[in-house]
Amino acid sequence: MRMEITNVSEYEKIAKQKLPKMIYDFIASGAEDQWTLRENRSAFSRILFRPRILVDVSNINMTTTVLGFKISMPIMIAPTSVQKMAHPEGELATARAASAANTIMTLSSCSTSSVEEVNSTGPGVRFFQLYVYEDRNIVRQIVGRAEKAGFKAIVLTVDRPRLGRKEADIKNRFTLPPSLKLKNLEELNIKKMDMDVKWLQTITSLPIILKGVMTAEDTQLAVRVGVAGIVVSNHGGRQLDYVPASITCLEEVVKAAQGKVPVFLDGGIHRGTDIFKALALGASGVFIGRPVVFALAADGEAGVRKVLQMLSDELELTMALSGCTSLEQITRNHVVAESDSNQNLSKM
């Protein structure tokens with residue numbers, strides 16, 4: 001008899017059993033001591049609810065708009081690389097699941113399926129994640145292909161000028177399985193990253209979202225250069241260890257953005273309650289990374305569909321129990337964060 005999956009985290013246990021150690025560790029591990037990796041999740045447990053009662057919650061509306069695109073819920077798929085390591089259908093299965101859920105998928109530039117292949121899975125709103133390369137002709141080619149394939153935005157990852165040190169990958173001598181290729185980067189001469197947003201804006205009409213912002217200073221810089229959105233992210237704890245959890249940095253970024261651009265959260269989300277907390281602290285939506293890949297490894301497209309459905313169901317229930325019938329009704333007053341007690345202490 002097949003075990004009933006009741007929450008997102010259970011897929012990780014199944015994926016760990018199914019995947020070779022080298023591949024599981026590549027997906028699951030973080031940089032150095034992995035403090036940030038753990039903190040991304042544990043920081044959510046220190047944010048508590050202030051639910052409101054005597055509200056009619058018989059109809060809950062979770063729809064929202066991201067860059068003008070209407071989606072069913074504020075839950076989107078983050079860019080994660082080489083998904084065919086997790087499942088033979090890789091990014092194609094993820095794209096179909098996102099489309100079925102009427103939400104946005106972000107395709108990694110280090111994907112094992114090309115932008116054209118992902119586009120061929122059918123309709124859907126998709127963003128393309130870009131690392132920036134020294135050779136600007138390469139960037140022109142990749143961005144041009146993504147545009148032609150119907151991708152709606154560029155997500156520029158800015159927190160990886162060099163690769164973080166993941167010791168599990170060193171121990172396992174991680175290499176990409178020989179049968180897999182980085183399909184968007186084949187036959188391209190890739191060197192180091194060196195890019196500015198202003199130049200990228202000259203080669204594409206697509207909106208540019210900056211991913212990897214954690215401070216007020218970088219938020220102000222991003223707003224000044226005209227980005228369309230910001231993703232608060234520490235790269236899933238895979239880059240610089242001992243940076244705070246993404247959720248801990250969220251309010252600082254939201255305040256600095258001053259409502260000029262939407263701010264999204266990436267990192268550590270495993271429950272609908274986590275999503276509610278992010279929305280209450282000012283996020284316009286969230287991106288999910290590892291849970292999608294573990295579900296893909298465990299059960300292919302059906303696993304990804306189930307993860308999106310479970311998170312949607314949990315968010316809806318959290319909203320109902322907190323007295324909110326739409327995303328607009330979720331406010332800062334619905335949560336108590338650590339920063340609140342620190343502010344109260346400073347007033348004493």
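1. In α3 itself (residues 35-42), T36, L37, E39 and N40 are buried. Buried means under 20% relative accessible area, exposed over 50%, and partly exposed in between (1.4 Å probe, protein chains only). Helices (H or I, at least four residues) and strands (E, at least two) are DSSP runs, numbered from the N terminus.

2. Some housekeeping before going on. This is a predicted model, in which local features need pLDDT of at least 70 and side-chain atom pairs count only at pLDDT 80 or more, while totals for chains, interfaces and linings use all residues. Residues are numbered from 1 along each chain as its sequence is written, and side-chain values use heavy atoms, with hydrogens and water left out.

3. Next, have a look at β7 (residues 153-157). Five of its five residues are buried, so the strand is largely enclosed by the rest of the structure. A153, V155 and T157 point one way, I154 and L156 the other way, and all are buried.

4. What does β7 pair with? Strand β6 (residues 126-130) runs parallel to β7, and four bridges join them; strands pair if DSSP finds at least two bridges between them. Within this pairing, Q129 stands opposite V155. To get from β6 to β7 the chain goes through helix α6 (residues 136-148), in a right-handed β-α-β crossover. Right-handed here says that, with the strands pointing away from the viewer, the path from the first strand over the helix to the second runs clockwise.

5. Strand β8 (residues 208-213) is also joined to β7 by four bridges, and these two strands run parallel. If you want a residue pair to click on, L156 has L210 as its bridge partner in β8.

6. S233 deserves a stop. You'll find S233 in the loop between β9 (229-232) and α10 (246-257), and its relative accessible area is 0%, so S233 counts as buried. Its side chain has a polar contact of 2.7 Å with the side chain of D266, and a polar atom of that S233 side chain lies 3.0 Å from the backbone nitrogen of H235. A polar contact is a pair of N or O atoms within 3.5 Å; within protein, one must be able to donate a hydrogen and the other to accept it, and residues adjacent in sequence count only if both atoms are side-chain atoms. Leaving out residues up to four places away in sequence, S233 touches D159, K211, G212, V213, M214, S246 and D266.

7. Which side chain does E251 make a polar contact with? That of R332, at 2.7 Å. E251 sits in helix α10 and is buried, at 18% relative accessibility. Not counting residues up to four places away in sequence, E251 touches L281, R332 and S339.

8. Finally, two backbone angles. Most residues other than glycine have a negative phi. L54, however, has a positive phi near 55°; L54 is in the loop between β1 (48-49) and β2 (64-66) and is exposed, at 86% relative accessible area. N102 also has a positive phi, about 55°, without being a glycine. N102 belongs to the loop between α4 (90-100) and β5 (105-107) and is partly exposed, at 43%.

Notes
Contact = heavy atoms within 4.5 Å.
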